[in-house]
Amino acid sequence: MLPAQLKRPAFWTVEALLLAGTVAAAILLSRPDEWHPLALVVLLFALALGGEWFTVENISGVLSASLAVTALAMGLLGPAPAAVCGVAAIGLHSVIARRTPREWLNNLAGFGVSAFLGGLVVRVLAGGVAGVHGQSAAQSIVFGLVLMAGEVVLLTVNYIIFGVELWVEEGRSLVRVWRELLGPMVPGELAVGVIAVPLVLAYRSVGLLALLAAIPVLLIFQRLAAALVRSERRAEQLDARTRQLATFQWAVPSTFMEGLGLRDPTEMRHGAAVASYAKAMAIELGSDEGEQEVIHLAGLLHDVGKFTWSDRILHPDELTDEDLAVIRRHPQDGAMMLGKFDGFGPVADAILYHHERMDGGGYPAKLIAGEIPLASRIIAICSTYDAMTKRATYGPPMGPEEAMAELRRASGTQLDGELVETFIALLERKGPTFGQDADYRTELALENRVEKLAEPLSETAGSRQPVAMRLRRRS
């Protein structure tokens, strides 16, 4: 592989040799009849230059009507005139755009070489068909397909030269160049090339007068392409706005949690561990992807309501009855905070009820057993286990075996006994502390969530699900 300092000069040399070789081949292979009738040559040359004024820039590149004119030259004249038309069009564009010498070389090589090779393909494949006036329908179809093949060669060679230039100059991979720049241009470029096929066939039937139709066709193309580009730009702006809103949608709840983490660093670690345990539980129970996402996110943010606590409550020496009332409100506060965001309804419900008990002695709604959402029952188990094994808020951490025994003692009263056994079996298989080292930002995966939220909704997608807030008190 050439070192970076030699790659560019080598590429420029290859481009210059390729362009020079094309010029030599065009001179050697050019036929006198390719330049007749003179009126046709002049008209196509003028249309090629005029195509600069029918050029539309979009987010991927430049879409020029000159391509259709070059295709006309490929089908009506030959490879050498086609190359001249291509070079004339891109040369005028380079003058107007004030291209650098390097860009001049790349443009001339890209358009001259590709047009010549495309024209050569048409000459080789068309045989005698290309030179016959008054063709049969079958001959016209054959020639139309041959001309399309030449256009494909033209586009392919042009894109290869352009793509390799970006790889050499900017270090972009060829796959990235295709995906971001070249691929989006293909449909438009092919559509422009298709315009040439009926015009060529019409010329062979009625003569030069048919090509005058190219002028209004190019005008129509320019109008349609400009409208398409405006629509594309509006779509791009809408997509950017959607991404901004999606980022806001996720960043605000996460900011609440990170703000809490600045005041108590254990909270973010605890949320990440609970999320990791809870998602593994959801998978173990055979939950679908949507349910897994709700359970995982609820585990991550289940204590977000503590953001409202004062530092005196967050780091207490002793707690008053009023402080205990504030503490017992954190599931409601967290649910209300998240419930204001579209799509967070199920997550907010799971958070709202994660301190309910199976015997009805929990809060805030004193729900019993199956009335408690599955996600809330899972989070209660995972949060209790992580608090016992890792956090030192209520005393020294327990060992995993002791913590599992405590979970079993709480089965049926505080915690769901069946889920406790599922969780313990999971710990025994995956390791008793597999979730303790989870990282909050990794679990959040903000960029991935923004991407998903920014995707268009399908027709079957559900509407916003609000927080249920089913505070059905039991006596």
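In this predicted model, Glu-165 and Arg-102 meet through their side chains in a salt bridge, with 2.2 Å from N to O. Glu-165 lies in helix α6 (residues 137-170) and Arg-102 in helix α5 (residues 101-126), so the contact ties together parts that are 63 residues apart in sequence. The whole count comes to 16 salt bridges, and a search of the structure also finds six aromatic pairs.

**Salt bridges around Arg-102**
- Arg-102 forms a salt bridge with Glu-169 too, where the closest N and O atoms are 3.8 Å apart.
- This pair again links helix α5 with helix α6, across 67 residues.
- Glu-165 counts as buried at 6% relative accessibility, and Glu-169 counts as buried at 16%, whereas Arg-102 is partly exposed at 27%.

- Asp-323 and Arg-312 form a salt bridge, their closest N and O atoms being 2.7 Å apart.
- Asp-323 belongs to helix α13 (residues 321-328) and Arg-312 to helix α12 (residues 311-314), so the bridge joins parts 11 residues apart in sequence.
- Asp-323 is buried, with a relative accessible area of 3%.

**Salt-bridge network**
- Shared partners join Arg-8, Arg-102, Glu-165 and Glu-169 into one network of salt bridges.

**Aromatic rings**
- Among the six aromatic pairs is the edge-to-face pair of Tyr-277 and Tyr-385, at 5.7 Å centre to centre and 85 degrees between the planes.
- Tyr-277 sits in helix α10 (residues 266-284) and Tyr-385 in helix α16 (residues 374-389), 108 residues apart.
- Tyr-277 is buried at 0% relative accessibility, and Tyr-385 is buried at 0%.
- Ring pairs link Tyr-277, Tyr-385, Phe-423 and Phe-434 into a cluster.
- Over the ring of Phe-434 sits the charged end of Lys-430, 5.2 Å from the ring centre.

Key: Residues are numbered from 1 along each chain as its sequence is written. This is a predicted model: local features need pLDDT of at least 70, side-chain atom pairs count only at pLDDT 80 or more; totals for chains, interfaces and linings use all residues. Side-chain values use heavy atoms; hydrogens and water are left out. Rings of Phe, Tyr and Trp (its six-membered ring) pair if their centres lie within 6.5 Å; planes under 30 degrees apart count as stacked, over 60 as edge-to-face and the rest as tilted. Helices (H or I, at least four residues) and strands (E, at least two) are DSSP runs, numbered from the N terminus. Buried means under 20% relative accessible area, exposed over 50%, partly exposed in between (1.4 Å probe, protein chains only). A charge sits over a ring if NZ of Lys or CZ of Arg is within 6 Å of the ring centre and within 35 degrees of the ring normal. A salt bridge is a side-chain nitrogen of Lys or Arg within 4 Å of a carboxyl oxygen of Asp or Glu.
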